[in-house]
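I opened the notebook to look up a few points in the structure below, taking one residue to begin with and then the way the chains meet.

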Protein chains: 2
Amino acid sequence: MNTLVMKFGGSSVESIEKMQSIAQFIIRRLDETDRIVVVVSAMGKTTNELISLAKTAAKNPSKREIDLLISTGEQVSVSLLTMILTEADVSAIGLTGFQAGIKTEGIHTKNKISDIDISKISGHFLTKRVVVVAGFQGLNEFGDITTLGRGGSDTTAIALAAKLECSAEIYTDVSGIYGVDPRLYPSSKQLSYISYEEMKELAFLGAKVMEPRSIDIAQRYQVPVLVSSAHTRSQGTWIKEVSSMEARSITGCSISEKDILVSIGHLPAQAKYIADLFIQLADNEINIDMISQTASTRPGFVNISFTANADDIDLVDEVCHNLKEQHPELSLAIDHHIVKVSLVGSGMRTQSGVAATLFKLFSDHHIDFKLVTTSEISISYTISKELKEKAVNLIAQTFNL
Amino acid sequence: MNTLVMKFGGSSVESIEKMQSIAQFIIRRLDETDRIVVVVSAMGKTTNELISLAKTAAKNPSKREIDLLISTGEQVSVSLLTMILTEADVSAIGLTGFQAGIKTEGIHTKNKISDIDISKISGHFLTKRVVVVAGFQGLNEFGDITTLGRGGSDTTAIALAAKLECSAEIYTDVSGIYGVDPRLYPSSKQLSYISYEEMKELAFLGAKVMEPRSIDIAQRYQVPVLVSSAHTRSQGTWIKEVSSMEARSITGCSISEKDILVSIGHLPAQAKYIADLFIQLADNEINIDMISQTASTRPGFVNISFTANADDIDLVDEVCHNLKEQHPELSLAIDHHIVKVSLVGSGMRTQSGVAATLFKLFSDHHIDFKLVTTSEISISYTISKELKEKAVNLIAQTFNL
C-alpha cells in the first residue's frame, strides 16, 4: 500500500472549474497510488474576506472566534472537492481538521500542531481511497477550533505525511523553487532539489514559497516535499535531506525589500547600555534581524547597526530618540532605502572562500554594502535599493543560479 | 440561577447591522437572566447559496458532504455574533453543534437530535454568561457533521431548553401565532397562548411558523416556547400545556392550497382492492392526507375519496388509471381546484357541538364541502378554491379568531 499527501492552495481551488481540474489531476495520480490524502486551503481570497467581515462586526474581534469563523473556509473547499471526486466515481470522504484528528496548541490564529491521531484517517482508508482534509486548522485541548497561521495548510500536509510516513506534494502557483526569484532574474534556473536547511534559510531570508515552520517539520520527520504546479508539466523541486557530496556552495539568493537599517554611533561600550537598547526594542515588539557591532574610533564607545521590519519604522524611531535623549553624544541614522541580499548554500559549511569570492565580486563591481551578517549556511548584505538589480544579476551569473 | 434559550432565524442575522441589533436585544435580557443560550441560523439566504454551489460542483452531491458544506453557515453566524457580544463587554463564547455536545442520528440532511451532552454548555457557563450555539447541526455516532433539515434551528433551541429545563424563545419575522393567517384575514387576532397539540395540528395542516417536529419535542419535555419578534413590542405567543379550563373550542384555522382531491366510485368492497390501491400509492411514495370512504348505492361496492399533494398529481393519475384498467366499471375524478380548511381547538375534545355549528354555518352560507375528516382536536373540509375567502371570513368572525 503506497500513500501520498497532496496539498492544493487557495488559488488552485478558487472556483468549481479549478476544483474539477484538480480532481482530474488527483484521479490520474490514483493509477500509481493506493491512497491519497488531499489537503486543501480555503477558496481563493475567502480567508481575507472572512477576516474583513469580522472587522466589520468588531473592532477587536476575539481571536478564538476569528478561528471559528475562518476555519469555515477550508470546510467549504473540502466538501465541494469531495463532491466532485465522488461524482467522478472516486471513493472519497471530506474531513475538517478535528475530524482528521489534528490536535493543536498555542494561541488562537497562530496555533501549532501538537499531534495527529492518524487512526481517524487510517480508519477511512479502509473504505475510501481519497481522504480530503481541511488544511490550516485543528482542535486544541479545550475543544476549540484553531487555525495555524500563515502557511498553515503546508504544515498540515507535511505533518500528515510525517505521520503516514510518505511524501508530501505541495502544489502552488509556481512550478518549483528557483535559485533567484524569476521576477527579479527571468533566466533563473529551477532547482531539482534543495536541502531542508537551505529552504528554511531562504524562507527566513525572504523567499515566499513556503513558511520555515512547515519545512522544519519536514526536516525533523525526514518527509520529502515536492513543490510543484498542477497546471504545468514541471518536474518541481524536491525539498529533502541533501548529502554533503550533493551540496552546492550557493543554492539560492533571496532579496528582502521590507527592511530598514538603523545605525547608532558613539554608544557607551558598557553592556548595560547596549542591553537597554535591545530590551526597549523588544518591549515594543520590534523584531531585529541583522545585528552588527564595531568598536568606535573613540575609546569606550561602540557603533551598532541593525535591520528591522520597515513596518516598525515609527516605533524604532521613537526608541532611538529616547535613547538619544539620555545620551546626547550618540549619533543616529535610519536608512529605509536598502535591500537585503542573502546567499544560501549548505556547501558554505565545508567549502571555504565563498565569502571571499563575494567580497571580491562586490568590490570589482562597485557594490557597496552597509551591513554583513553570516550564518553557517548563508551570508547577507544590505545594499542600496538602486543596486538591487545589478547585484542580483551579478550573483546569479557568477553562481549559475 | 435562571437560564433562557433564545433562537434567532436567518433573517434576524442576515447582516452585521441586524446582528448588532440582536446583540442589544440579548444584552437587555441579561438584566433579568443569569445565563442565556443563543441559537442562531445561517445568515439570510446562505444555506440556499451553499446548496446552489454544491449543485454546480456535482449533479448529485453526496448528502454527507452537503451537511459538511451547509453547516459552515451557522458557524459563521455564531462567530460573528459572539464577536459583537464580546466587543460589547458581554462574556460570551461561540460553539458549533458538535462543540455544544449535540448528538444526532438518521440520514444526512435530515438528522434528528438523539441526545445532548449538556455538560459542554454548562461548563462554559462557569465563566461565560452567554453561550452562542449553531442551530440546525450536530455530530452523529460516526463523527460526521450532520444537519437537522427544515426547522432544524428551532429543534436545536427547544432540545437545549429541554436539557437546561428552561423556556425557549423563538424570534422570527412574525410577532406571534395568529388564529388565521393575517395575509388571508387581516383583522385576525394574535393568540397569547396555544397548546402544543393545537400548534402541532395547525403546523401539520399548513401553518408555516414552526415545524411539527420541534413542537413535539417541546411537548414531550414540557418546554414552554415563546414565538415572537425581536423587532416589535409584541408579547408573542406562548406554546405550552393548556388546561382543559383554558381550552378554546376553536383556537385557529389553517388553509392548505397544495392539495388535490381524488374520488373513486364503484370500487369493489373487498378489502384487497382497497388495500391494493393504497399499497400502489405508497409504493410510489405518494403521501395521502384525508381519506373518506362511503358505501355505494350499488351493493358490494364503495366510494373512496382522498387528498394528496398537488406535486404528485402525475403519479396519482398513473396509479388511478392502472386501477381503472383492472376494474373498468369504476369511476374516477381528480379535482385540483380545492383548498383544505382546517379548524383546530383542543376544546373540541370536551365541548360538543363544534362540528354541528360548523355544518350549520356552511349550510346557511352555501359553502359546499366535498370531503370532511376529523381528528380528536381538528376538523378539516375541502371546498372549492373560489369559496376560500368567504369561508375564512365566516369562520374567523364566528369563532372570534
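Why does B:Arg150 count as partly exposed? I found that B:Arg150 has 13 C-beta neighbours inside 10 Å, and therefore counts as partly exposed; buried would take 20 or more other C-beta atoms within 10 Å of its own, exposed 12 or fewer, and partly exposed lies in between, with C-beta atoms placed from the backbone.

Before going further I noted that this is a predicted model, in which local features need pLDDT of at least 70 and side-chain atom pairs count only at pLDDT 80 or more, while totals for chains, interfaces and linings use all residues. Residues are numbered from 1 along each chain as its sequence is written, and chains are lettered from A and ligands numbered from 1 in the order in which they are written.

**Around B:Arg150.** I placed B:Arg150 in the loop between strand S8 (145-147) and helix H5 (152-164) of chain B, where helices (H or I, at least four residues) and strands (E, at least two) are DSSP runs numbered from the N terminus. B:Glu211 is 61 residues away from B:Arg150 in sequence, yet their C-alpha atoms are 7.4 Å apart in space.

**Strand S3 of chain B.** I looked at both faces of S3(B), residues 92-95, and found them covered, with B:Ala92 and B:Gly94 buried on one side and B:Ile93 and B:Leu95 buried on the other. S3(B) runs parallel to strand S6 (residues 130-134) of chain B and is joined to it by 4 bridges, where pairing requires that DSSP find at least two bridges between two strands. In S6(B), B:Val131 stands opposite B:Ile93.

**Where the chains meet.** I found 28 residues of chain B in contact with 28 residues of chain A, contact being C-beta atoms, placed from the backbone, within 7 Å. Helices H1 (16-29), H2 (46-57) and H3 (63-87) of chain B each supply at least two residues of the side that touches chain A, and H3(B) gives the largest share, 14 residues.

**How the copies are related.** Chain B can be laid on chain A with an RMSD of 0.4 Å by a turn of 178 degrees and a shift of 0.1 Å along the axis, by least squares on the C-alpha atoms of residues with pLDDT of at least 70 in both. The two copies are thus related as by a two-fold rotation axis, and in chain B the C-alpha nearest that axis belongs to B:Thr72, 2.5 Å from it. I also noted that 100% of the interface residues of chain B are interface residues in chain A too, so the copies meet through the same surface.

Conventions. Contact = placed C-beta atoms within 7 Å.
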